[in-house]
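Visitor: Could you take me through the aromatic contacts in this one? I'll ask as we go.

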Amino acid sequence: MGTYVNPGNIAFQEAVNSRVYIDKSELILYTNSILNTTQKNICVSRPRRFGKSMATEMLVAYYSKGCDSAKLFSGKKAKKDMSFLTHLNHHNVIHLDIQQFLESERDLDIFIKEIEYSVIEELMEVFPECQGFDINSRLKTVLNKIFNQTNSGFIFIIDEWDCVFRLAKNQKDIQKEYLDFLRGLFKGQHYVDMAYMTGILPIKKYGDHSAINIFDEYSMISPKNLGKHFGFTEEEVQKQCVEHELDFAKVKEWYDGYQVGKFHIYNPKSVSDVLTWKEFQSYWTGTETYEALKIYIDMNFDGLKEAIIEMLSNGHCIIDPSTFQNDMTTFQIKDDVLTLLVHLGYLTYNKESQEVSIPNQEVAQEFMRVIKVGGWEGLVRAIENSEDLLKKTWMMDNTAVADGIAKIHQETASMLKYNNENSLTCVILMAYYSARIYYMNPIMELPSGKGFADVVYLPKRNADYPALIIELKWDKSAEGAIAQIKNKEYTDWIKDYSGDILLIGVNYNTKDKKHECTIEKWRKEL
């Protein structure tokens with residue numbers, strides 16, 4: 001049993017023995033299916049605390065010749081498959097956690113040599129009969145000679161593969177040297193039975209140096225068929241909540257929301273902690289500190305702040321992730337920033353609708369921490385006043401609601417394009433921020449094919465509050481907005497809802513910068 005070559009199963013044993021353990025061994029069935037095929041190189045990118053390391057520890061325990069893991073896999077799902085015993089502890093494994101070689105920036109110049117030296121030293125112990133190399137040889141040379149003399153291939157399991165690009169964000173020469181090392185290690189090498197890498201960022205586009213394009217990628221943007229293997233599924237969390245006597249609905253509100261393919265997944269770290277400590281709070285520290293998150297959302301790209309405001313109010317934002325260069329420095333448009341936030345776990349991406357949103361209460365708290373430290377004071381005040389404005393809306397106090405919206409519009413003028421329809425929509429979302437407590441996510445732009453800035457709030461199940469239909473106008477009239485709601489029969493488009501509806505017309509006059517509001521009550525019967 002070595003540290004890097006044919007390591008043991010202690011790490012996986014600790015995971016299995018933990019207070020909260022969810023069986024993800026079905027991943028093994030997929031990795032078995034791609035051994036020694038053209039699909040044998042895979043890279044799984046997920047945010048921190050999403051089970052990447054646990055998966056690598058499980059694969060090491062399963063494949064490594066350096067241990068006997070039969071008892072650890074007793075009762076696990078993968079054991080039912082015919083391929084399970086064929087590969088159990090039958091392979092030479094090289095396991096690397098790249099972050100262990102990069103404790104600080106001073107290691108950037110030597111970490112590749114340290115990796116090669118450490119692995120070769122162990123290979124010489126495991127294969128003493130092999131000749132033609134020494135401790136100063138290149139790793140790919142040693143592996144080729146071992147393969148040629150023994151016909152023994154290797155499974156490579158690499159964790160935190162991309163930490164180089166996070167530590168050396170602007171050092172292109174070090175990035176290129178590392179990519180060249182990986183390309184030499186994997187590309188076209190017959191000794192590779194499988195290469196399994198995990199990290200936070202995908203690997204496709206690091207400038208024009210496509211060194212390791214042999215890997216199939218499984219990311220938060222494109223999870224393919226591995227979505228359920230990273231993160232806890234809803235079914236798994238429900239079962240754990242029953243066992244630990246915890247309110248599943250509250251767990252869902254706090255920690256659900258990450259959509260990967262057809263699955264909704266929960267942050268494993270957060271769920272495990274709340275099941276253990278029975279306290280609902282933010283257990284997720286994220287990939288970066290909240291100061292770094294602030295840098296990203298404060299970037300001066302057109303529409304970025306409006307998108308953040310809309311998502312903070314439970315809204316969604318359409319993006320095109322294809323322009324993202326898979327690093328933390330190359331940003332051209334707001335979509336690049338928002339795509340990075342998906343990979344870091346601050347946003348979730350719906351591939352069908354191509355929309356991003358804030359996944360849950362835990363992550364929303366991280367955003368709130370950011371906007372409170374400066375630069376977003378108008379939004380903070382709007383949120384603080386939103387509960388009062390919502391109550392004034394329920395009371396149908398036209399003047400108070402108009403004054404409240406006007407105040408928010410004025411305070412956020414520096415953040416938004418003031419005389420702009422999108423700006424007025426953002427103002428409404430800020431004004432009704434507290435509606436997230438009583439209402440489901442706002443519905444933007446009713447499907448009439450007409451009208452630009454309609455916003456609809458439907459109350460949560462068993463909540464005794466009226467639905468809200470808000471129509472916004474620009475240099476027209478609030479009464480005209482109400483008339484449009486009626487004439488176009490917006491209320492009929494709200495399916496499966498019966499009860500009181502407040503029709504809210506808001507108009508902004510650009511000449512005198514005045515807001516007006518008209519509210520009427522409507523009753524919808526099924």
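Guide: One definition to begin with: a charge sits over a ring if NZ of Lys or CZ of Arg is within 6 Å of the ring centre and within 35 degrees of the ring normal. Also, this is a predicted model.

Visitor: Fine. Which ring does the charged end of Lys-305 sit over?

Guide: That of Trp-376; the charged end of Lys-305 is 5.4 Å from the ring centre.

Visitor: And what about Lys-224, how far is its charged end from the ring centre?

Guide: The distance is 5.3 Å, and the ring belongs to Tyr-218.

Visitor: Switching to ring pairs. How many aromatic pairs are there in the whole structure?

Guide: A search finds 29. One of them joins Phe-73 and Phe-84, with 5.6 Å centre to centre and 65° between the planes, which is edge-to-face.

Visitor: Where do Phe-73 and Phe-84 lie?

Guide: Phe-73 is in the loop between helix H3 (52-63) and helix H4 (84-87), and Phe-84 is in helix H4, so the pair ties together parts 11 residues apart in sequence.

Visitor: Buried or exposed, Phe-73 and Phe-84?

Guide: Both are buried. They also belong to one aromatic cluster with Phe-12, Tyr-21, Tyr-62 and Tyr-63.

Visitor: Why is the pair of Tyr-296 and Phe-331 edge-to-face?

Guide: Because the ring planes are at 70°, and over 60 degrees counts as edge-to-face. The centres are 6.1 Å apart.

Visitor: Which parts does that pair of Tyr-296 and Phe-331 tie together?

Guide: Tyr-296 is in helix H12 (residues 290-297) and Phe-331 in the loop between strand E9 (317-318) and helix H14 (334-344), so the parts tied together are 35 residues apart in sequence. Tyr-296 and Phe-331 are both buried.

How values were computed. Residues numbered from 1 in each chain as written. Predicted model: local features only at pLDDT ≥ 70, side-chain atom pairs only at ≥ 80, totals over all residues. Heavy atoms only, no water. Phe/Tyr/Trp six-rings, centres within 6.5 Å; stacked < 30°, edge-to-face > 60°. Helix = DSSP H or I, 4+ residues; strand = E, 2+ residues; numbered from the N terminus. Buried < 20%, exposed > 50% of the residue type's maximum accessible area, 1.4 Å probe, protein only.
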